[in-house]
Amino acid sequence: MDLKKILTRSASGLVYCGIIVGCVLLSAPGVLLLSAILSVAACMEFAKISNELTNKTVPVLLLDIAGCFCLCLGYLGYPLVIWLAVMIARMVEQIYINSDRPLRDLAHSFMSQIYIGIPMGIMAAIAWLLNPMIVLAIFILIWINDTGAFLVGCTLGRHKLFERISPKKTWEGFIGGLLFCLGASALFSCFCNEFFGMDALRADIGIWLGLGAIVSVFGTWGDLVESMIKRNLRIKDSGNIMPGHGGILDRIDSLLMALPATAVYFALIIYLAWA
């Protein structure tokens with residue numbers, strides 16, 4: 001990789017990280033804005049790679065985006081009712097579209113909304129119901145996991161993790177990412193508990209290590225799921241909005257599975273604390 005590509009990749013990565021940190025610092029409304037931006041961008045990418053965008057498919061895309069946005073606001077309750085209305089409208093809309101694969105078209109719409117909208121809604125809910133800084137902690141753990149997996153995989157990687165879907169991933173890289181993530185979680189428990197808002201959950205090192213393990217394992221699965229989708233569609237990247245990194249889906253693929261798993265984890269912690 002030449003210097004120009006490295007600089008371009010670094011610059012776009014810094015912009016992406018800056019947007020995330022900036023939105024989180026705006027508290028829960030900022031995280032809601034971030035979830036809306038990411039869900040709309042990812043929904044558009046998913047529509048583009050799964051079904052060619054034409055004048056006929058634009059109304060479909062608009063309903064899919066509306067559905068994702070309603071799911072982002074789902075923690076408020078009433079937007080879920082609107083989402084059900086959007087789903088009904090989407091099915092009725094398909095009747096009037098001259099398509100030889102209506103079932104495929106509906107499946108793409110429903111998957112884009114569930115695959116993208118629900119995790120982004122969970123992200124907004126975590127910020128609103130717990131603490132926005134927890135969202136930042138999850139992002140950082142994912143970045144650390146990816147960095148550890150890359151470094152260890154490049155130097156020690158020998159045994160393929162899932163060659164059929166992602167030929168470059170190795171078991172050594174996965175274990176390296178997990179260890180990096182657990183190490184960062186241990187440090188966070190010692191020095192950053194209050195900063196990340198985890199003190200409200202009385203988070204000791206065990207809770208932090210559990211969070212690190214969940215983010216690492218489910219983040220890796222999220223990456224593999226998106227790789228499976230791209231391999232099926234025979235594409236390398238989901239888009240090119242981030243030079244050197246690909247599309248938004250390429251950046252949030254780990255997040256799309258790590259967030260729901262984290263939500264279940266926190267729900268269990270709160271339930272056991274009150275039981």
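Before going on, a word on what we're looking at. This is a predicted model, where local features need pLDDT of at least 70, side-chain atom pairs count only at pLDDT 80 or more, and totals for chains, interfaces and linings use all residues. Residues are numbered from 1 along each chain as its sequence is written, and side-chain values use heavy atoms, with hydrogens and water left out.

So, the overall picture. How many helices and strands does the chain have? There are ten helices and two strands. Walk along the sequence and you get the pattern α-α-α-α-α-α-β-β-α-α-α-α. The C-alpha trace spans about 60 × 50 × 30 Å along its principal axes.

Next, the radius of gyration, which is taken over C-alpha atoms; the globule rule is 2.2 Å times the number of residues to the power 0.38. For 275 residues, a compact globule would come out near 19 Å, and the chain has 19 Å, so the two agree.

On burial: buried means under 20% relative accessible area, exposed means over 50%, and partly exposed is in between, using a 1.4 Å probe and protein chains only. By that rule, 48% of the 275 residues count as buried. One more term, contact, which means heavy atoms within 4.5 Å. Among the contacts in the chain with a separation of 6 or more, 70% come from residues 24 or more positions apart.

Back to α2 now. S27 has a positive phi of about 70° although it is not a glycine. With 36% relative accessibility, S27 counts as partly exposed. Further along is S35, also found in helix α2, which covers residues 27-50. Is S35 buried or exposed? S35 is buried, because its relative accessible area is 0%. Setting aside neighbours within four places in sequence, S35 touches C72, M120, M123 and A124.

Now for helix packing. Axes here are lines fitted to C-alpha atoms, for helices over the stretch in contact, and angles run from 0 to 180 degrees between N-to-C directions. Angles under 35 degrees count as roughly parallel, over 145 as roughly antiparallel, 65 to 115 as roughly perpendicular, and the rest as oblique. As for handedness, a crossing is left-handed if the near helix is turned anticlockwise from the far one by less than a right angle, and right-handed if clockwise.

First pair: α6 and helix α7 (residues 171-191) pack at an angle of about 140°, with their axes 7 Å apart. That makes α6 oblique to α7. The crossing is right-handed. Among the residues making the contact are I140, L141 and I144 of α6, and E172, G173 and G176 of α7. Sorted by class, that contact has twelve nonpolar, seven polar and one charged residues. For the classes, Ala, Val, Leu, Ile, Met, Phe, Trp, Tyr, Cys and Pro count as nonpolar, Asp, Glu, Lys and Arg as charged, and the others, Gly among them, as polar.

While we're on α6, T155 is found in that helix, which runs over residues 132-156. T155 counts as exposed, because its relative accessibility is 53%. T155 and G173 sit 18 residues apart in sequence, and 8.8 Å apart C-alpha to C-alpha. Over in α7 there's C190, exposed at 55% relative accessible area.

The contact of α7 with α8 has twelve nonpolar, six polar and no charged residues.

Last stop, R234. Where is R234 placed? R234 is in the loop between α8 and α9 (248-252). Phi of R234 is near 60°, a positive value in a residue other than glycine. And R234 is exposed, with a relative accessible area of 75%.

Terms used
Helix = DSSP H or I, 4+ residues; strand = E, 2+ residues; numbered from the N terminus.
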